[in-house]
Amino acid sequence: MNTSKSVAVLVTTAALTASCGGQATPGDGGVVAGATYTSTVTADPGVLDPATAVLSVTNTVLSYAYDSLVAARPDGSLVPALAEKWDVKPDSVTFTLRKNVTCADGSPVTPSTVAANFSHIADPASKSPLRGVLVPADLTAKGDDAAGTVTLATPKPFSFILESAKDVYIVCGKGLKDRSVLARQTSGSGLFQLTEAVSGDHYTFALRQDYAWGPEGVTGKTPGLPAKVVLKVIPNEQTAVNLLASGGVNTTVVTGSDRQRVEADPSITKLVVAMGNGQFFYHQGDDRPAKDPAVRKALTQALNLQQLAGIASGGTGRKATSLVMEPRPCKGDSVTGHVPAHDPQAASAALEAAGWKPGPDGIRQKDGKRLTLRYLFVTTKGPTFMAAAEYMAAEWKKAGVEVKLTGVIDTKLAESLNATQDWDVVWLPIGVSLPSQLIGFLSGPAAPDGANFAHLDNPRYNELVARAGSKPARASCADWEAAESALFEAADLVPVVEYTAVVAVKGATVQTSSYLVIPSSIRMTKAS
């Protein structure tokens with residue numbers, strides 16, 4: 001699950017002809033005009049309404065057609081986008097919008113347009129999954145068209161009231177009047193306009209020549225921008241890498257074993273980037289064994305997390321230091337020294353003390369009930385997820401725990417977490433760019449009434465995030481980091497590894513924010 005803006009795309013070999021056969025503009029350093037940029041997405045994006053987009057693949061597609069108020073550089077710093085400047089206070093931020101911004105259908109983008117987007121997400125009736133995640137549930141938005149400003153405000157101070165604006169795509173024009181059209185169309189002011197959508201196959205965008213308000217001076221006439229973008233759905237990473245190697249694809253993101261092949265190819269530019277954490281949660285519902293903190297701690301102590309990190313990432317991961325994806329606003333280490341250390345003997349003793357005694361077959365029992373865990377993971381993320389699950393099951397069996405491995409596709413995972421609740425442990429990377437975006441997942445109403453799928457209730461976490469939220473962003477980091485540490489100390493969830501990926505590029509140059517290609521940064525180049 002990834003709530004941040006995402007990666008991209010792919011096409012046919014016709015794109016190679018375009019990218020190699022275009023004309024280099026004089027004095028532009030060798031970039032190519034009139035080319036097609038191609039990249040891969042691993043699945044169909046589904047409904048294209050930005051207010052319902054929680055999957056990274058959906059936000060990848062949307063990033064080409066929509067703008068936000070501010071944009072993020074590769075280092076995470078913010079630059080003007082739809083807003084040319086802003087004034088931040090503890091409980092509000094007022095943006096001054098650029099003039100003469102137009103939607104793809106030609107209608108103006110006004111402060112009222114922007115305010116309507118935030119108000120829609122914050123309205124409980126919209127049932128937007130972004131409410132309370134990207135947009136505070138109690139946020140109000142007011143547009144002043146005469147003054148050219150829009151103000152976002154919360155009843156109490158909110159640390160990231162500015163930073164959260166970068167993740168909200170602004171719908172305009174016909175899509176704002178009738179959101180039903182957003183099921184398979186886009187209606188934004190972005191650099192590109194969706195011209196063709198073939199579900200499960202490809203999404204094609206055309207460059208907007210009239211675009212004149214991009215971050216850091218990008219316009220529709222900037223040399224080297226592709227005239228067309230094609231995002232093709234390629235679920236198989238090996239297939240995507242084959243196309244990249246042959247020149248049929250400009251960009252793909254590689255996370256699995258094909259990474260070695262990409263890294264060995266000198267014709268491919270490689271960007272090694274962070275891709276979120278590998279972590280697992282314990283279900284703390286009333287009828288679950290992990291409701292007992294002693295059981296959670298013992299289960300964690302039974303695992304060698306360093307060994308698990310290598311298995312889960314295929315040896316390409318980095319030490320986890322936070323729950324927030326890079327580049328993140330708070331740079332401290334909330335993990336080290338706060339996760340129960342590997343100690344199998346202590347784990348066995350703790351389970352014994354908690355009343356879980358070995359049964360005839362070695363599986364522990366308490367009050368006639370076996371210590372059984374249903375372990376949930378997705379099958380679409382490659383063999384390392386399965387290998388991690390098998391390792392954990394084997395180590396827990398040594399401690400007297402029966403583990404039932406349950407692999408599901410992404411949609412079934414969401415159903416299990418939010419509806420059926422039939423699980424005990426889940427391997428679930430959650431990608432967020434701000435610590436405030438985690439609050440709904442880690443506290444508050446439990447599923448199915450809220451996003452708190454693991455039924456967490458950590459008083460120390462709740463206290464610290466409330467304190468952190470009342471401070472300006474930079475001054476709040478110590479509290480945000482301490483809040484994460486409180487979760488780890490209670491073994492509410494266990495951070496294992498920071499995944500990395502290779503953004504592999506050929507026939508183009510790109511910049512990324514984490515592993516997400518920034519559309520306005522794409523420049524087509526001459527073939528080597």
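I take contact as heavy atoms within 4.5 Å. The model is predicted, so I kept its limits in view: local features need pLDDT of at least 70, side-chain atom pairs count only at pLDDT 80 or more, and totals for chains, interfaces and linings use all residues. Residues are numbered from 1 along each chain as its sequence is written, and side-chain values use heavy atoms, with hydrogens and water left out.

Helix α8. Leu-305, Leu-308, Ala-309, Ala-312 and Ser-313 are its buried residues (under 20% relative accessible area; exposed is over 50%, partly exposed in between; 1.4 Å probe, protein chains only). They fall within an arc of 115° down the axis of α8, so they line one face (the arc is that of the directions from the helix axis to the C-beta atoms). Their cover includes β14 (269-282), α7 (293-301) and α10 (383-398). Just after α8, I found Gly-314 with a positive phi of about 65°.

Aromatic pairs. I found 14 in the structure (rings of Phe, Tyr and Trp, the last by its six-membered ring, with centres within 6.5 Å; planes under 30 degrees apart are stacked, over 60 edge-to-face, the rest tilted). Phe-160 and Trp-480 have ring centres 5.9 Å apart and planes at 35°, so this pair is tilted. Phe-160 sits in the loop between β9 and α4 and Trp-480 in α14, so the pair ties together parts 320 residues apart in sequence. Both Phe-160 and Trp-480 are buried.

Technical notes: Helices (H or I, at least four residues) and strands (E, at least two) are DSSP runs, numbered from the N terminus.
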